[in-house]
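Here is the note that was asked for, written as numbered points for someone who is meeting this structure for the first time. Please read it with the structure open beside the text.

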Amino acid sequence: MRVVEVTAYGGPEVLRIARRPEPEPGDVPGRVRVRLKAASVNQEDLKIRSGARAAALGALAPPLVLGSDFAGTLLDPAPGMPTGTRVAGFVPWMETGGQGTYAEIILVEPEWLAPIPDDVDYTAAASLPLSSVTARQAVDQLGLPSGSTVLITGASGVVGRFAVQHAVADGLRVIALGLPGDEYELGVLGAAHVLPVPRGASPAEITGVLTSLPEPVDGIFDAALLGPPLLSVLKDDGVFVSASQERMPTAERGISVSAVRGRPDQARLKEMLEQVAARKLITRVADVMPLEEAAEAHRRVEAGHRPGRLVLLV
């Protein structure tokens, strides 16, 4: 089967199409095979490819197959899903031993999967799982009651857009930090107030933007990893959840500080796919490219060419 391998750490040029044996039933006890139709490109893929995650990967080194999100068809039956079921999900990449979703066939745990409704195509389904589930888990981790005010940074990004929608669905009042020009769209997604922040803004610029808030917020989901400057607008005993362990602020004034770690959640993902089918959850596909053009896909994602998830067709 075809896969895209990271041949060495470096720029997009290190990605190469290669051939590997197809997985067989029972290769990993309990796992089932999925023939992929689509896989999306995530920021974490770029960090692994570049070598930024080399220390964390330890003995796991190139050649590697990147990718977490996927959509395809079941080749083996799974509980409640017969062979041939259209499915989507994401793999916890570290648990695959470097066998990600830039491939024609993958082995997955059944609980990583959810069926795709008939009205959702493979590209939309592949754009959803990791980002939307992580955003949902971040909002859950905040634990704020309905009516509370939450500040969501990086609201123009994929995770941030989902977080805005999930928070609004929970009855939270959302203040969104997004890119200039996205104010209208974020308002359509439900944000009560949008603060435009230019890409690459300095801590001083961020602090300046935040001074326009009339009062402190109850919680913050920091999808943009802006970190410590945000604490100035968080209430005493508030809740701060980051999308990563990077740039975590030090807890103060009774504030709870934690990071979300997106984990597969079959029930939640099934619900989200059904919401997409019902037009109650909006996902965006920025571009669709063939698997053979994975290197160019990485270049476009690094350039920040368009909002939304870039999807590879397998």
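1. Leaving out residues within four places of it in sequence, Leu189 is in contact (heavy atoms within 4.5 Å) with Arg161, Val164, Gln165, Val168 and Ile282. Leu189 itself sits in the loop that runs between helix 6 (183–188) and strand 11 (193–196), where helices (H or I, at least four residues) and strands (E, at least two) are DSSP runs numbered from the N terminus. With a relative accessibility of 10%, Leu189 counts as buried, a word that here means under 20% relative accessible area, while exposed means over 50% and partly exposed in between, for a 1.4 Å probe and protein chains only. The C-alpha atoms of Leu189 and Ile105, which are 84 residues apart along the chain, are separated by 35 Å.

2. A word on the basis of these points: the model is predicted, so that local features need pLDDT of at least 70 and side-chain atom pairs count only at pLDDT 80 or more, whereas totals for chains, interfaces and linings use all residues. Residues are numbered from 1 along each chain as its sequence is written, and side-chain values use heavy atoms, with hydrogens and water left out.

3. Helix 5 (residues 158–169) has twelve residues and reaches 17 Å from its first C-alpha to its last, which is close to the 16 Å expected at 1.5 Å a residue; the expected span is 1.5 Å times one less than the number of residues. Nine of its twelve residues are buried, so helix 5 is largely enclosed by the rest of the structure. The buried residues of helix 5 are Val158, Gly160, Arg161, Phe162, Ala163, Val164, Gln165, His166 and Ala167. Just after helix 5, Gly171 takes a positive phi of about 85°.

4. How do helix 4 and helix 5 pack, and at what angle do their axes cross? The axes of helix 4 (residues 129–142) and helix 5 come within 8 Å and cross at roughly 50°, the axes being lines fitted to C-alpha atoms over the stretch in contact and the angles running from 0 to 180 degrees between N-to-C directions. The two helices are therefore oblique to each other, since angles under 35 degrees count as roughly parallel, over 145 as roughly antiparallel, 65 to 115 as roughly perpendicular and the rest as oblique. Helix 4 passes helix 5 in a right-handed crossing, which is to say that the near helix is turned clockwise from the far one by less than a right angle, anticlockwise being left-handed.

5. In this contact, Ser131, Ser132, Ala135, Arg136 and Val139 of helix 4 meet Val158, Val159, Phe162, Ala163, His166 and Ala167 of helix 5. These residues divide into seven nonpolar, three polar and one charged, where Ala, Val, Leu, Ile, Met, Phe, Trp, Tyr, Cys and Pro count as nonpolar, Asp, Glu, Lys and Arg as charged, and the others, Gly among them, as polar.

6. Helix 4 also meets helix 8 (residues 266–277), with axes that come within 10 Å and cross at roughly 110°. Helix 4 and helix 8 are therefore roughly perpendicular to each other, and their crossing is right-handed. Here Pro129, Ser132, Val133, Arg136 and Asp140 in helix 4 meet Arg268, Leu269 and Met272 in helix 8. By class, this contact has four nonpolar, one polar and three charged residues.

7. Thr134 has its place in helix 4 and, at 11% relative accessibility, counts as buried. Not counting residues up to four places away in sequence, Thr134 touches Pro129, Val260 and Gly262. Gly143, in the loop between helix 4 and strand 9 (149–153), is exposed, with a relative accessible area of 56%. Some backbone details may deserve a careful look. Leu225 has a positive phi of about 60° although it is not a glycine, and this residue is in the loop between strand 12 (217–222) and strand 13 (234–242), where it is buried at a relative accessible area of 18%. Arg247 also has a positive phi, of about 55°, without being a glycine, and at 45% relative accessibility it counts as partly exposed. A cis peptide bond, with omega of about 5°, joins Pro62 and Pro63.
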